[in-house]
Amino acid sequence: MKTITQYLKKIAVLLSWLPFVATAQAETLQVGQAAPTFQLQAQDGNQVSLAERKDKGWTVLYFYPKAGTPGCTKQACAFRDAIKTIRDQNAEVYGISTDEVKSLLSFHEKHKLTFTLLADPDAKITEAYGVKMPVVSIAKRWTFIIDPALIIRQIDNDVDPALDAQKVAESLKRLQAS
């Protein structure tokens, strides 16, 4: 029992440093830069390539920590409920996590999601976007809006899971008007 307590204390100390380390790591991508391209497997097993989105409309990438957790479920369901509004603005939504495809399929089916979830189990894309949490291999909750030329037009690193989809829809209107 003492060993478990010591172990948990060490983890607590490591986790207390996450906010400081995460801030330093996440400064890499900026608005106006080209979005890192990728090819990831979707929940249905198909491959999705960001490069193939070029000149096909706006792209929303939202990174989330873990399928099935309360915040991630709220966020996914909010995007599901707002997907028509977002697609009416010539945009497509992709949720990215470090979960395995099997977990994403279950999450997708359980909540009747109407957009694509992408698996990044080795966290390479999560890291390329600067949203990988240090120490653990999961994503922070960030949202990127990418224009048809694959240029990052908005980065949101302070995401409210329940309001993210609404904020994205409003941002798309503003970005497309300018």
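Helices (H or I, at least four residues) and strands (E, at least two) are DSSP runs, numbered from the N terminus. The model is predicted, so local features need pLDDT of at least 70 and side-chain atom pairs pLDDT 80 or more, while totals for chains, interfaces and linings use all residues. Residues are numbered from 1 along each chain as its sequence is written, and side-chain values use heavy atoms, leaving out hydrogens and water.

View 1. A cavity is a set of points, on a 1 Å grid over the protein atoms alone, where a 1.4 Å probe fits but cannot get out; lining residues have an atom within 4 Å of a point. Grid points are joined across faces, edges and corners, and a volume is the space filled by probe spheres set on the points. The count is 1 cavity of 30 Å³ or more. The largest cavity has a volume of about 40 Å³. Its lining consists of Thr143, Phe144, Ile145, Gln154, Asp156, Asp164, Lys167 and Val168. E6, strand E7 (152–156) and H6 each contribute at least two lining residues. By class, 3 are nonpolar, 2 polar and 3 charged. Here Ala, Val, Leu, Ile, Met, Phe, Trp, Tyr, Cys and Pro count as nonpolar, Asp, Glu, Lys and Arg as charged, and the others, Gly among them, as polar.

**View 2. Aromatic pair Tyr62 and Phe79.** Rings of Phe, Tyr and Trp (its six-membered ring) pair if their centres lie within 6.5 Å; planes under 30 degrees apart are stacked, over 60 edge-to-face, the rest tilted. The whole structure holds 10 aromatic pairs. In this one the ring centres are 4.6 Å apart and the planes lie at 15°, so the pair is stacked. Tyr62 sits in strand E3 (residues 58–63) and Phe79 in helix H3 (residues 70–87), so the contact ties together parts 17 residues apart in sequence. Buried means under 20% relative accessible area, exposed over 50%, partly exposed in between (1.4 Å probe, protein chains only). Tyr62 is buried at 1%, and Phe79 is buried at 0%.

**View 3. Aromatic pair Phe63 and Tyr129.** The pair is tilted, with 5.3 Å centre to centre and 40° between the planes. Phe63 is in strand E3; Tyr129 is in the loop between helix H5 (124–128) and strand E6 (142–146), 66 residues apart. Both residues are buried. Phe38, Phe63, Tyr129, Trp142 and Phe144 form one aromatic cluster.

**View 4. The largest nonpolar core.** A nonpolar core is a set of buried Ala, Val, Leu, Ile, Met, Phe, Trp, Tyr and Cys residues joined through side-chain atoms within 4.5 Å. The largest has 27 residues, and Phe79, Ile86 and Phe115 make the most contacts inside it. H3 gives the most, with 7 residues. Contact means heavy atoms within 4.5 Å. Leaving out residues up to four places away in sequence, Ile86 touches Phe79, Ala91, Val93, Ala165, Val168, Ala169 and Leu172. A second, separate core of 21 residues includes Ala35, Phe38, Leu40 and Phe63.

**View 5. Ile83 in helix H3.** Ile83 is buried, with a relative accessible area of 7%. Not counting residues up to four places away in sequence, Ile83 touches Val93, Thr114 and Phe115.

**View 6. Positive phi at Asn90.** Asn90 is not a glycine, yet its phi is near 60°. Asn90 lies in the loop between H3 and E4 and is partly exposed at 47% relative accessible area.

How values were computed
On a 1 Å grid over the protein atoms alone, a cavity is a set of points where a 1.4 Å probe fits but cannot get out, and a pocket is an open set with protein on both sides within 12 Å along at least five of seven lines; lining residues have an atom within 4 Å of a point.
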